[in-house]
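Welcome to this short tour. Please open the structure in your viewer and keep the selection tool at hand.

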Amino acid sequence: MKKILVINSKGGSGKTTVATNLVCQLTRVGECAALCDDDPQASSTTWLSARPTSLPGIHGVNPHQINITNRTRCWQQRVPVDTGYYVIDSPAGIDLPKLYDLIRGVDMILIPVLPSIIDINATSDFVRNLIKAGKVRAAPARIGIIINRSRERTLALKKLESFLDALELPVIGKLNDSQSYVRAIDQGLGVCELKKGYRREQRAWQEILHWVLGRSPSACKTEPAVQRVTDSAPVVERSATALPETSTAIFETLHSLV
Ligand SMILES: Nc1ncnc2c1ncn2[C@@H]1O[C@H](COP(=O)(O)OP(=O)(O)O)[C@@H](O)[C@H]1O
Ligand SMILES: [Mg+2]
């Protein structure tokens with residue numbers, strides 16, 4: 001089972017939007033995905049309870065409703081045995097101990113970031129902590145940035161892209177600022193499950209899915225050949241442990257950008 005953590009200590013950056021859409025996208029290509037709501041605000045749980053029963057079911061886990069000491073081990077016991085992907089929606093305002101706890105044993109870390117100066121500054125602090133936390137982890141995780149509420153040709157987007165370039169973190173997708181996300185979340189859906197008007201959103205998700213699955217999303221799980229990510233694919237992989245060497249220079253560069 002692959003564990004995917006959706007995280008950014010900044011509230012409103014799009015963690016729940018990314019986590020809920022990701023489980024829908026994975027389900028759509030035939031993967032068994034579970035959604036863990038690790039935010040006491042329980043937005044993912046609310047989303048799941050609004051989900052129409054006519055759609056493919058998504059297994060939800062809410063650790064805040066489980067009264068046990070070793071939560072990590074027990075969460076895993078509570079998902080169906082054939083779960084291939086375990087997507088964790090995390091809370092805002094994460095301190096270092098909580099960050100260490102959350103990243104333990106994860107395979108992928110997705111960080112949604114909004115194109116605004118406030119969010120860039122908050123994310124810079126958060127990534128600094130993530131790098132620190134990466135130092136104490138045994139196994140590296142792949143880190144992917146998702147630019148959320150992106151508006152083409154805006155100064156804010158340019159600044160965010162320069163910031164991410166300086167960090168040498170891969171942007172694995174750009175979600176446009178769209179009411180489709182708002183409508184979908186209200187109805188317990190992913191944008192791919194809306195009746196119409198989600199074509200542009202779906203293109204962005206194809207790229208994200210490609211990165212997550214390590215193969216083309218059109219190649220279903222049941223197909224024999226698994227296509228690996230090639231050099232021509234618009235994705236780059238980076239491990240959390242590879243970052244610290246460059247971080248000091250990066251954060252110095254940062255302040256000249258924001
Ligand atoms: N790409 C987007 N386009 C439009 N609205 C969005 C988009 N992403 C998120 N939102 C809205 O922004 C708000 C915060 O998003 P949310 O996913 O709940 O953030 P977080 O979980 O990080 O606090 C929600 O109302 C959500 O519907
Ligand atoms: Mg949330």
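Which residues point one way from S4, and which the other way? Select strand S4 (residues 85-89): Tyr85, Val87 and Asp89 point one way, Tyr86 and Ile88 point the other way, and all are buried. Here a residue is buried if 20 or more other C-beta atoms lie within 10 Å of its own, exposed if 12 or fewer, and partly exposed in between, with C-beta atoms placed from the backbone. In a regular strand the side chains alternate between the two faces of the sheet. Five of the five residues of S4 are buried, so S4 is largely enclosed by the rest of the structure.

Some notes before the next stop. This is a predicted model, in which local features need pLDDT of at least 70 and side-chain atom pairs count only at pLDDT 80 or more, while totals for chains, interfaces and linings use all residues. Residues are numbered from 1 along each chain as its sequence is written, and chains are lettered from A and ligands numbered from 1 in the order in which they are written.

**The whole chain**

Now colour by secondary structure. The protein chain has nine helices and seven strands; helices (H or I, at least four residues) and strands (E, at least two) are DSSP runs, numbered from the N terminus. Of its 258 residues, 40% count as buried.

**The sheet**

Select the strands together. They form an open sheet of seven strands in the order S3-S2-S4-S1-S5-S6-S7, with parallel pairing; two strands pair if DSSP finds at least two bridges between them. Strand S3 (59-61) and strand S7 (171-176) stand at the edges with a single partner strand each, so one side of each has no neighbour in the sheet. On average, neighbouring strands of this sheet are turned by 20° against each other, direction ignored.

Next, pick strand S2 (residues 33-37), where five of the five residues are buried. Towards S3, S2 pairs over three bridges in the parallel sense, with histidine 59 as the bridge partner of alanine 34.

Move on to strand S1 (residues 2-6), which runs parallel to strand S5 (residues 108-113) and is joined to S5 by three bridges. Click on leucine 5: its bridge partner in S5 is isoleucine 109, and in S4 leucine 5 stands opposite isoleucine 88. S1 and S4 pair over five bridges.

**Helix and core**

Axes are lines fitted to C-alpha atoms, for helices over the stretch in contact, with angles from 0 to 180 degrees between N-to-C directions; two residues are in contact if their C-beta atoms, placed from the backbone, lie within 7 Å.

Which residues touch the most other members of the largest nonpolar core? Select Ile4, Val87 and Ile109, among the 63 residues of that core. H8 gives the largest share, seven residues. Such a core is a set of buried Ala, Val, Leu, Ile, Met, Phe, Trp, Tyr and Cys residues joined through C-beta atoms within 7 Å.

**Ligand 1**

Finish at ligand 1. Of the 17 residues around ligand 1 (C-beta atom, placed from the backbone, within 6 Å), Gly14, Lys15, Thr16, Thr17 and Tyr181 come nearest.
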